Each structure stands twice: as C-alpha cells, then as structure tokens.
2 protein chains.
Amino acid sequence: MARSENENRRVILAKRPTGIPGPEHFALDTQAVTPPGPGQLVVRARYWSVDPAMRGWVNTAPNYSPPVPVGDVMRAFAVGEVVESNSPAHPAGAIVTGLFGWQSHATVDAAQVDRLVEERDLPISLALGVLGLNGVTAYFGMAEICAPKAGETVVVSTGAGAVGSLAGQIARQAGARAVAVAGGAEKCALAREVFGYDAAIDYREGDVAAALAAACPDGVDGYFDNTCGPISDAVMEQLAVGARIAICGTAAISDWTPWPQGPRVQRHLLVKRARMQGFLAFDYRERFGEAIAALAESARAGRLVYREHVLAGIEAAPGAIAMLYAGENRGKLLIEVD
Amino acid sequence: MARSENENRRVILAKRPTGIPGPEHFALDTQAVTPPGPGQLVVRARYWSVDPAMRGWVNTAPNYSPPVPVGDVMRAFAVGEVVESNSPAHPAGAIVTGLFGWQSHATVDAAQVDRLVEERDLPISLALGVLGLNGVTAYFGMAEICAPKAGETVVVSTGAGAVGSLAGQIARQAGARAVAVAGGAEKCALAREVFGYDAAIDYREGDVAAALAAACPDGVDGYFDNTCGPISDAVMEQLAVGARIAICGTAAISDWTPWPQGPRVQRHLLVKRARMQGFLAFDYRERFGEAIAALAESARAGRLVYREHVLAGIEAAPGAIAMLYAGENRGKLLIEVD
C-alpha cells in the first residue's frame, strides 16, 4: 500500500438527495488523521459496507437516527485494524467493527466500537456480512420473528440478497420450506442452486401472485420482507392462519414523500390472525454474541453459504448505494479500502 | 308472553348485500320448532347480539367463516334458556350462549353451545356483552396483544363502543393512560365521564392527528383498533418505539371489493420496531373461563362499567347492523327476543 498513513481519505455527503443517493451526492476529500484523545482509537478501515439503510441515513424522512449532515463523512459500517489506541480494550492490531463511516482512518471513542472480531480464522470481511449486521439481521428476523417450524413455508422477498440469502438458510435449518423472491433468472438460479431455496420466483417475469400461490400451496407461514411494495402485496394475499411477517426493509419504495399508498394490510392480518413486526437488528445488540457464534460455527462447518461482491478502492463508494438499489450486486456489497 | 312456544320465529338472509346489510337484505318467517334429536337441545332465545362481525358473515370477501347462505337464518350470537334437552350437560332451565342465530327457538347440537352461564347473579344479557364475546375480545386484545404497562399510553379507536369501552378500562387497570377516539361529543363525554378514559378525541371534529399528538405527548404504546381507516392512519404517525397494535375490526371500511388503499404501514412498523397483530377472540377459546371469571369479578365489585342498548322485539333485527355501523347505538347493541 503506497498510501500515506497520515492522511484520512473521506467520502463526504455533498448534497442531500431525495430518494436514492447517487455519485452526484458525494465528494472525496483528504484530511490529516485526527490523533486519538483519551479513551479513543484510530481504526484503519479495510472494508466499508454498503447497506440499504444508507438511503434512509441521508434522507430527512422519519428514521431511526438523525440524517447525516451535509458536509459530514458518510455514515457506514466498516471493519478495520486498530493502528493507534488509548483504549486498553482495543489494542493496536485488534480487528474491530463499528459505524466508522466512509473514511480510511476513523478516530473514534471506544464506545463507538460495535465488536472486537474474535474469529480471526475467517476472512475479516465477513464481519460486515454473515458475521455482521447482515448475519444478525437475518438471524433475529427469521429465527425470532418469523420463527418457522418444521414443515412450514417461509417467503423471503430479497431471497438472493445479503440478508435474504441467510434468512432462507436459517429457515431451512429449522426444517421449513423456503421460497425466494428475486429479480431476474440469474438471481433465482443463485437462490435455488447456491443458497438452497426450495423454490425461487422471478418478480420481473409473469404473475407473481400466481407463482406464489403455486409455490406455497398451504399458504405462507413466515414472510421476511425487505421490499414493502407489490411483492409484499402479493404475499399478503397468501398468508396462512397465524402467519408472522418480519419487516426488515422497504427497498421497493424509493421515496416516502409523499407517503405511498398500498392495499390496506389490516384485514389480511385480522382474517389470518397474523402478525407484522418491524425490527432493527441493533435492538438485539446484547444478544449479538449468541447469533455471531452460531453463524461462525455454521460458516466453519460449511453449512452457511454466502457471496461477496467487492468493489476496489474508495472511488467506488459514491456510486455503490445506487448500484445496490439497482440490484446490480452479486453478493454482499463491500468496498475494499485501498 | 303471548307468543306460541311451538313456533320458531326467524330472521332470514333474503338477499346478499355488498357492504353493510340493511333491512332490505332480511326477511322474517315462522316455522315449527324442530324437535331435538339425540344429543340436541332447544334454546329459547332471550337476547340476540348485534356485532360488527355480522357484516363480514353475509359478504363473500375472505373471512374467518363461510358466508351465510341466502335463505338461511342470520348467523348471530344469542343467550337463552334451554327448554328441551337431550344433552345431560345442558338440562332444561340452563342458560347457554352460542352462535344460535337470529331465531327464537334454536335446535342445536350440544357442541354448538359456547358456554353454560354460571354467573346467574348478574343479568343474563351480560353473557353477550362484558361477559361474552365483547368481554373476552377486549380482554385478550388489550391484555395480551397491546399488553400495556404502567405509565404507557394506549389509544382505543372505538373507545365508547361495546368492546372499546372495556378495552380502555382494562388498560387503565394495568396502570396505563387510555385515550379514546369516538364519534361525536356525546360519545366522547361517555368515554371520559362514564368509562374513565383520560382523554377522548372526537374524530368528527377538527384535526384528529393534532389531537392525538396533543393527547399522546410520549407517543402511542398500544393501539386497540376497530376501524382500519383514517383514524388508524393518524395513530400510525404517533407510534412510540416498541408499540403494539391489536387489529380487532375494520369498521371504517364498508366494502373490501375493490380492496381499499391506504398509507403503507410497514415503514412506521420498521422505524418504530412496532408490531401489528390481528386476532380473533375465539382463538383464545380455551382461556375464556379465565377471562370471564376476571371480568365477572370486576363487574360484581363495581369496577367494570358497561352500557347496553336494547332493541325490543325481533322486528328490530333487520335494521340493527346498519344502526351499529352508523354509530347510533348507545352501548352494546342487543335485541330482546319477545
């Protein structure tokens, strides 16, 4: 690496988007690395994460967290190595994850570290994917909220995605049939042949409602949703009595101003005595250890299949969110920080 | 009573409605009482119930149960006295409830009896209200699904209604603040002054969203919904993190063909990590005894306030469902069978 390790290369939110942020909303800059104060550490990023939630972070619609101010480093999850530290719990050489932002050298408080990565036998990029937020999101959304039982049928609306592909595998490990909905023949083949789904429905082809009815003859007992659009509307028509729906994301809606309309769900929930629940993996933070240990064990045993799509260099970051929303990635989307 | 006790006076579904059934959809007739076969009993109805669910029972939209066939006795809950019996568990003189229909003399199998009314010290009409389906609906929807804790705020969308007025009282017994939404100044006064709500909002007057925000400054932790319309849309904007929504009915929607649109709820559920759950009291059937014992105890102690609106005679039945949907009743709507 010929890069100066005294410079913090950053991706800044340059302009507030409405809807999906593109390259025009970001700018690159370089600043001196901020020396760590008492209790602080400097993390040299190795990988940045690209997540659907990032769209929400730059918009002003109601969200979990305040929007990223224009002019600030783009909020993002990252994994990297501690290169300088005033925190005894995070010595130099440790691998840590956290919301360190799209910057090469993040100077952060110890409390900003989400996790000290202990499974050093596995690739560190996994700490942003199957052993990171994607993993725990799939784990708690599927195992806790959809809670499939053997013989039940679950549908995952982004079945070939970074979270959805895990959710399907967790459902199948519980003995359920898993049906993926994905965009395009390639992703459907990936869902079936690589991620082990029992069936995959291409929402870009033909009648999704009819395909769902055919794939779920006894109805849908669990639905792990990342879309909140026409796919969900079709799934709601197929619910079984007692169905559980985990709302993980709303990727099918590009803009919440004005608030979009859709078929009212209440009567489906009433007639089927079904439950729809939004969740945020961070609400389960104190149980992350349990989830990550289980997922790492599955990964080591070869029972957890995953794909990564790695973009090279920080110049790839500004276009990465739009790429994710266009469905152009082929696995968990990461940026390798040069 | 000058009525012949050999005649079964019935209210028949004469024509299938779309939407709310009115007098034009029913007809009265008289038939000989059917003698009870082995294991059967004859119930002489004393009160018939008028419930929001009856609209669904005569429409062909997806529902819990198949629609009432045209020409059949209207499906309805009733309470009455056993006058002839081949069922040892239900001797003559017993008071029983069940889905006996709008007929004066129902000849039914023992299995069709929902409950043998044991609290003979209380008025038997209560078996159709606070000690019947209304009571258990409020009990399980509020105590189990909304599950309010002390200091939380719950909203009940038909706060002065037969179920809603109980739901509010159950919430207050748990230490929560209870806010009613009701139609008109009279019902709001009833909610506050008789049923003990901390606040009541008249949805026919002014800005419901603003009134909700003012009445629920810390957000809505529990929402017991009977409407599924603009009131619910306004409540969704005020959810607190971790909110629980019980879907009990959809009275604001008069017709589900075509399926109505509304603001998509998923993002509210996601951002607030909230849960929306449809329920049907009968799914808790094996726990009815627990609920009714608790409610009867509250009623005897004077801690349970209720109102009944009793229509006299079977001729009142055909117009009663429309009356209920027009909000013209002043308490649990019943028909006293002459």
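Mentor: Partly exposed, as used here, covers relative accessible areas between the buried limit of under 20% and the exposed limit of over 50%. The model is a predicted one. B:R287 has a relative accessible area of 27%, so this residue counts as partly exposed. B:E144, with 35%, is partly exposed as well. The side chains of B:E144 and B:R287 form a salt bridge, with 2.7 Å from N to O. That pair links distant parts of the chain: B:E144 belongs to helix α2 (residues 133-146) of chain B, B:R287 to the loop between β14 (275-278) and α8 (288-300) of chain B, and 143 residues separate them. In chain A, A:E144, A:R287 and A:E290 are joined into one network by salt bridges that share partners.

Buried pairs occur too. B:E119 and B:R115 meet through their side chains in a salt bridge of 2.8 Å, N to O, and both residues are buried.

In chain A, a salt bridge of 2.9 Å (N to O) connects the side chains of A:D51 and A:K332. A:D51 sits in the loop between β3 (40-49) and α1 (53-58) of chain A, and A:K332 in strand β16 (residues 332-336) of chain A, so this pair ties together parts that lie 281 residues apart in sequence. The relative accessibility of A:D51 is 7%, which means that A:D51 counts as buried. A:K332 also counts as buried, because its relative accessibility is 4%.

Over all chains, the count comes to 33 salt bridges.

Notes:
Residues are numbered from 1 along each chain as its sequence is written. Chains are lettered from A and ligands numbered from 1 in the order in which they are written. This is a predicted model: local features need pLDDT of at least 70, side-chain atom pairs count only at pLDDT 80 or more; totals for chains, interfaces and linings use all residues. Side-chain values use heavy atoms; hydrogens and water are left out. A salt bridge is a side-chain nitrogen of Lys or Arg within 4 Å of a carboxyl oxygen of Asp or Glu. Helices (H or I, at least four residues) and strands (E, at least two) are DSSP runs, numbered from the N terminus. Buried means under 20% relative accessible area, exposed over 50%, partly exposed in between (1.4 Å probe, protein chains only).
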